[in-house]
Amino acid sequence: MKIRPLIVMGMMAASAVAIVAPTGQQAAQAMQASAASMSSLPPALRAAMMSGNPENIKQAILVLSGGDPARMANLAQNVASVATSMADSNPAGALSAVSAALDVVNSPSVMNAAAGAALSVAVAASTVSSNASVISSSPEGAGEVAVSAAQVVSDPGVYSQNPTAALSVMSNSNTVANTDSVATASPTVRARVTTILRVAQSNTALTNSDPTTVADIGAILGTANGGGDGETTGNTPIIPDGTGRITVKGFTPDTPDVDIVEQNPAQLGSPT
């Protein structure tokens, strides 16, 4: 799959949108959408989401899935989908939700069982981590989610599901990592994202999915570092191209119906 200029032309416009805070009307609409999305979750998982505690959310997913990796992925995907609707109205809750969802899918067994769902979780998490309200609320948390999302899409099986979407997540992660507030709150995030992307760039399994992977990841790193002329800034090579990816084009994460057997909520304990 090749990524052509039309996919990346909107980078600057998308970046501008990403830093604009929602209006009062938008926030109200976001709250309504969040409530509607939340109601689609099983009661025990909904209670865990409302607690705002990522460990509660993860535990709810594990209990409700019965330990089945595919069901874990399905539940994590639903949680991440709900989180995107919460980002403006409840940024802390959205961040907790995607953190838990990423933690669930970022394991070999889950990624092998449901690579597509893992990609959808990463795309949703990337959307949340690059949200202006989320970054303002917790720049350190946004940075950590950016790192985890980049790591998930660097898995060859996940990447092969849709290289365009995976590269977009990588670009978002790199952009978040280079945001001043994130870099100040968590100075290691930029280096960690860069390392993940450079390892992915040299992974032949990813290149087999998309022959342009090396150049595409190089373009992401080069753009974030302000280059595009082949120079080197410090120890970071600047790759010619000058393009990058901010939004996901041609990929909409699936939001599957919840198809699980509800467990006894008492097994989860009382969310705190």
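How many residues does H6 have, and how far does H6 reach from its first C-alpha to its last? H6 has 18 residues and reaches 26 Å, close to the 26 Å expected at 1.5 Å a residue.

**The chain as a whole**

The chain has 272 residues, and buried residues make up 46% of them. Its secondary structure comes to 17 helices and two strands. The accessible surface is about 11,800 Å². Carbon and sulfur atoms own 54% of that surface. Take the contacts between residues at least 6 apart in sequence: 70% of these join residues at least 24 apart.

Confidence comes next. The average pLDDT of the chain is 77, and 68% of the residues score at least 70. Residues 1-33 have a pLDDT below 50, and this stretch has 41 contacts in the model beyond near neighbours in sequence. Residues 225-272 also have a pLDDT below 50. That stretch has 105 contacts beyond near neighbours in sequence. Where pLDDT is low, the predicted coordinates should not be read in detail.

| Helix | Number of residues | First to last C-alpha | Expected span |
|---|---|---|---|
| H6 | 18 residues | 26 Å | 26 Å |
| H7 | 15 residues | 21 Å | 21 Å |

The expected figure counts 1.5 Å times one less than the number of residues.

Asn53 caps the N-terminal end of H5. A side-chain oxygen of Asn53 lies 2.8 Å from the backbone nitrogen of Glu55. After H5 comes Gly66, with a positive phi near 65°.

The buried residues in H5 are Asn56, Ile57, Ala60, Ile61, Val63, Leu64 and Ser65. They pack against helix H4 (43-51), helix H6 (69-86) and helix H7 (91-105). An α-helix has 3.6 residues a turn, so residues three or four places apart point the same way.

H6 is largely enclosed by the rest of the structure, because 13 of its 18 residues are buried. H7 is largely enclosed too: 12 of its 15 residues are buried. Among the buried residues of H7 are Pro91, Gly93, Ala94, Leu95, Val98, Leu102 and Val105.

**The nonpolar core**

Which residues touch the most other members of the largest nonpolar core? They are Leu45, Met49, Ile57, Ile61, Met170 and Leu197, in a core of 70 residues. Helix H9 (residues 115-129) gives the largest share of this core, 10 residues. In soluble globular proteins, nonpolar side chains tend to be buried together.

Ile61 shows some of the packing in detail. Leaving aside neighbours within four places in sequence, Ile61 is in contact with Leu45, Met72, Leu75, Ala76, Val79 and Val104.

Val121 is in helix H9. Val121 counts as buried because its relative accessibility is 0%. Beyond four places in sequence, Val121 touches Ala76, Gln77, Ala80, Ala101, Leu102 and Val105. Val121 and Val79 are 42 residues apart along the chain, and their C-alpha atoms are separated by 8.5 Å.

Thr84 lies in helix H6. Is Thr84 buried or partly exposed? Its relative accessibility is 33%, so Thr84 counts as partly exposed. Thr84 and Val128 are 44 residues apart in sequence, yet 5.8 Å apart from C-alpha to C-alpha.

Gln201 sits in helix H15 (residues 189-201). Gln201 is buried, with a relative accessible area of 15%; the cut-off for buried is under 20%. Its contacts beyond four places in sequence are Val214, Ile217 and Gly218. The side chain of Gln201 places a polar atom 2.9 Å from the backbone oxygen of Val214. Thr213 is 12 residues from Gln201 in sequence, and 6.6 Å from it in space, C-alpha to C-alpha.

Note on methods
Residues numbered from 1 in each chain as written. Predicted model: local features only at pLDDT ≥ 70, side-chain atom pairs only at ≥ 80, totals over all residues. Heavy atoms only, no water. Buried < 20%, exposed > 50% of the residue type's maximum accessible area, 1.4 Å probe, protein only. Helix = DSSP H or I, 4+ residues; strand = E, 2+ residues; numbered from the N terminus. Contact = heavy atoms within 4.5 Å. Polar contact = N/O pair within 3.5 Å; in protein donor to acceptor, adjacent residues only side chain to side chain. Core = buried A, V, L, I, M, F, W, Y, C linked by side-chain atoms within 4.5 Å. Areas by Shrake-Rupley, 256 points an atom, 1.4 Å probe, with all protein chains shown as cover. pLDDT = per-residue confidence, 0-100.
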